[in-house]
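Hello! Here are some notes to read alongside the structure, written as numbered points. Please keep the viewer open as you go through them.

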Amino acid sequence: MTTFQSLSISEPIMKALNQMGFEEATPIQEQTIPLGLEGKDVIGQAQTGTGKTAAFGIPMLEKIDKKQRKIQGLVVAPTRELAIQVSEELHRLGKMKGVRTLPVYGGQHMERQIKALKDGPHIVVATPGRLLDHIRRKTIRIDQVHTAVLDEADEMLNMGFIDDIRDILKAIPTERQTLLFSATMPKEIRNIAQTLMQSPEEVKVKSKAMTVSNIDQNFVELQEKQKFDALTNLLDIHIPELAIIFGRTKKRVDELTEGLQARGFRAEGIHGDLTQGKRTSVLKQFKNGRIEILVATDVAARGLDISGVSHVYNFDIPQDPESYVHRIGRTGRAGKTGVAISFITPREMPHLQSIEKMTKSKMNRMKVPSYDEARRGQQRIAVDQLNSAVKSGNLEDYREMAMELLNEQDSVSLVAAALKMMTKERRQAPVTLSSVQPVSVKRSSKGKGRNDKRNNYRGKNDKKRHYNPKGNKPSGRNRKFQNKRGSKSE
Ligand SMILES: Nc1ncnc2c1ncn2[C@@H]1O[C@H](COP(=O)(O)OP(=O)(O)OP(=O)(O)O)[C@@H](O)[C@H]1O
Ligand SMILES: [Mg+2]
């Protein structure tokens, strides 16, 4: 166990870490914070949800001179949601020191952004496009930047941002420190990184698999046309606290969302064609539990940090193993446990093996879930609701009536009838999805659709967290969810 204290972190940042509930450093933090504090360039690779943000954030914050009202730290992240989330984490880490952090991204009002930039933030967290826009308009000064971070650099490469990144780094003094972090680091990005950095130290947190062991990975082999019923059955069986379902295209996401809504689930979709306002509101509702299911394209895979995501479903298996790693990494974060289920058609089975080979982890085969199992899942919810109603008491007003009923009927029939009434038979509204091509084994991580990958969706998590690499017992299946489900209009 490595404490933050032993990493020579200053008092104000220690205080913030305490407030955030961080008790010990995660392995990537333990290994990269000292290098970062020495001023070295660092390439950091570690599994999803293991605290890479603080790993680059802490050394950057330590180097900020609060009295200098100039941008000294710059983080570039692939999407708006990610920029916001990273900025929030840096704000929390740096607030006791008085560091001012500003997110800058497209879709935000330009004039307001220029005003905020004039206000003298110490750190800017930006998406590449909007940042370059400011650099070209000369509405941002980054010639005093001493620390530059590329978060999810391989995603920025996938999205075709590499020239933008080069242009951005050209505008920063060369004697800067450059940090680059991601859970996946394909060879191309490592090569490019070498040209943008000065003799970087490469830290790869040693772990057998590329995915964290707290995620229980499963797959279901099934026909394309069985997928939707299998999904709704699984949702009824698992009763996720919060679930993310990945579909391959925007159209697919829209169709899945509508289908789930038709069957009474509180689901919303997110993808790059939605307005910024809609994206923000969907994410907000998901974070506070008003939506229980988020349906997303791959764009949401990167960096999203929402506490309570207990299940990830790959309705369509992703084309690249890297995407698989980032997708399932939306659960099982900060030491919590999570469950991932991937649907695979028979023709896609070889692809499953290529994912397993790359991630060095195995997925367990699950059988196609049946409607009967789903119904039992629904009944379990009703049983839990009855039990909790008994536990919470306050039944005095009903006792007399209950006694009378018991004189007329036997107790088992009465409870069975109550359960029947409480169990919402899921409306099996027929749902037809447009057909999709199965993925092929041949993988390419370059030149993918820029638009579909452009926007990422992250959230923050301000609950107390304790890093527990072995995994805590899942907190899912909680009353809160069941009550929500109970009040669903069907
Ligand atoms: N030392 C720590 N102790 C407890 N929680 C931590 C610690 N460090 C980070 N966390 C929390 O863990 C969660 C995941 O962190 P973060 O988003 O930085 O992961 P990541 O490694 O960047 O993941 P991804 O690869 O998906 O981007 C966050 O909610 C963060 O606040
Ligand atoms: Mg991250």
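The points below go from the overall layout to single residues, and the model they describe is a predicted one.

1. **Overall layout.** The protein contains 19 helices and 14 strands. Of its 490 residues, 46% count as buried. If you look at contacts between residues with a separation of 6 or more, 81% of them come from residues 24 or more positions apart.

2. **Two domains.** The protein is divided into domain 1, made of 4–207 + 453–489, and domain 2, which covers 215–369. Between the C-alpha centres of domain 1 and domain 2 the distance is 25 Å.

3. **What the record says.** UniProt, in an unreviewed entry, lists "domain: Helicase ATP-binding" for residues 33–203. In the model, the chain over residues 33–203 is 44% helix and 18% strand, with its end C-alpha atoms 11 Å apart. Residues 2–30 carry the UniProt feature "short sequence motif: Q motif", from an unreviewed entry. The UniProt annotation "domain: DEAD-box RNA helicase Q", also from an unreviewed entry, covers residues 2–30. Here the span is 48% helix and 0% strand, and the end C-alpha atoms of residues 2–30 lie 7 Å apart.

4. **The nonpolar core.** Which residues touch the most other members of the largest nonpolar core? Among its 110 residues, they are Val76, Val125, Ile245, Ile293 and Val295. This core takes at least three residues from each of the two domains, domain 1 (4–207 + 453–489) and domain 2 (215–369). As general background, nonpolar side chains in soluble globular proteins tend to be buried together.

5. **Strand β11.** Two of those core residues, Ile293 and Val295, sit in β11, which spans residues 293–296. Are the faces of β11 covered or uncovered? Both are covered: Ile293 and Val295 on one side are buried, and so are Leu294 and Ala296 on the other. In general, side chains in a regular strand alternate between the two faces of the sheet.

6. **Partners of β11.** Strand β9 (residues 242–246) pairs with β11 in the parallel sense over four bridges, and Ile244 stands opposite Leu294 of β11. Strand β10 (residues 267–270) also pairs with β11 in the parallel sense, over four bridges. There, Ala267 has Ile293 of β11 as its bridge partner. From β10 the chain crosses through helix α12 (residues 276–287) to β11, and this β-α-β crossover is right-handed.

7. **Helix α13.** Why is α13 described as largely enclosed by the rest of the structure? Because seven of the eight residues of this helix (residues 321–328) are buried. The buried residues of α13 are Glu322, Ser323, Tyr324, Val325, His326, Arg327 and Ile328. Their cover includes the strands β8 (215–221), β9, β12 (309–314) and β13 (338–344), along with helix α14 (349–359).

8. **Val104.** This residue is in strand β3 (residues 101–104). Val104 counts as buried because 23 C-beta neighbours lie inside 10 Å, against a cut-off of 20 or more. Apart from neighbours within four places in sequence, Val104 is in contact with Gln113, Val124, Ala126, Arg130, Leu131 and His134. Ile28, 76 residues from Val104 along the chain, has its C-alpha atom 27 Å from that of Val104.

9. **Two positive phi values.** Ser8 is a residue other than glycine with a positive phi, near 55 degrees, and it lies in the segment before α1 (11–20). Is Ser8 buried or exposed? Ser8 counts as exposed because it has 10 C-beta neighbours inside 10 Å, where 12 or fewer is the limit for exposed. Asn394, also a residue other than glycine, has a positive phi near 60 degrees. Asn394 is placed in the loop between α15 (371–392) and α16 (396–408), and with 7 C-beta neighbours inside 10 Å Asn394 counts as exposed.

Conventions:
Residues are numbered from 1 along each chain as its sequence is written. Chains are lettered from A and ligands numbered from 1 in the order in which they are written. This is a predicted model: local features need pLDDT of at least 70, side-chain atom pairs count only at pLDDT 80 or more; totals for chains, interfaces and linings use all residues. Two strands pair if DSSP finds at least two bridges between them. A crossover is right-handed if, with the strands pointing away from the viewer, the path from the first strand over the helix to the second runs clockwise. UniProt positions are given in the numbering used here, feature names are shortened, and annotations may be inferred rather than shown by experiment. Two residues are in contact if their C-beta atoms, placed from the backbone, lie within 7 Å. Domain bounds come from an automatic or database domain assignment. A nonpolar core is a set of buried Ala, Val, Leu, Ile, Met, Phe, Trp, Tyr and Cys residues joined through C-beta atoms within 7 Å.
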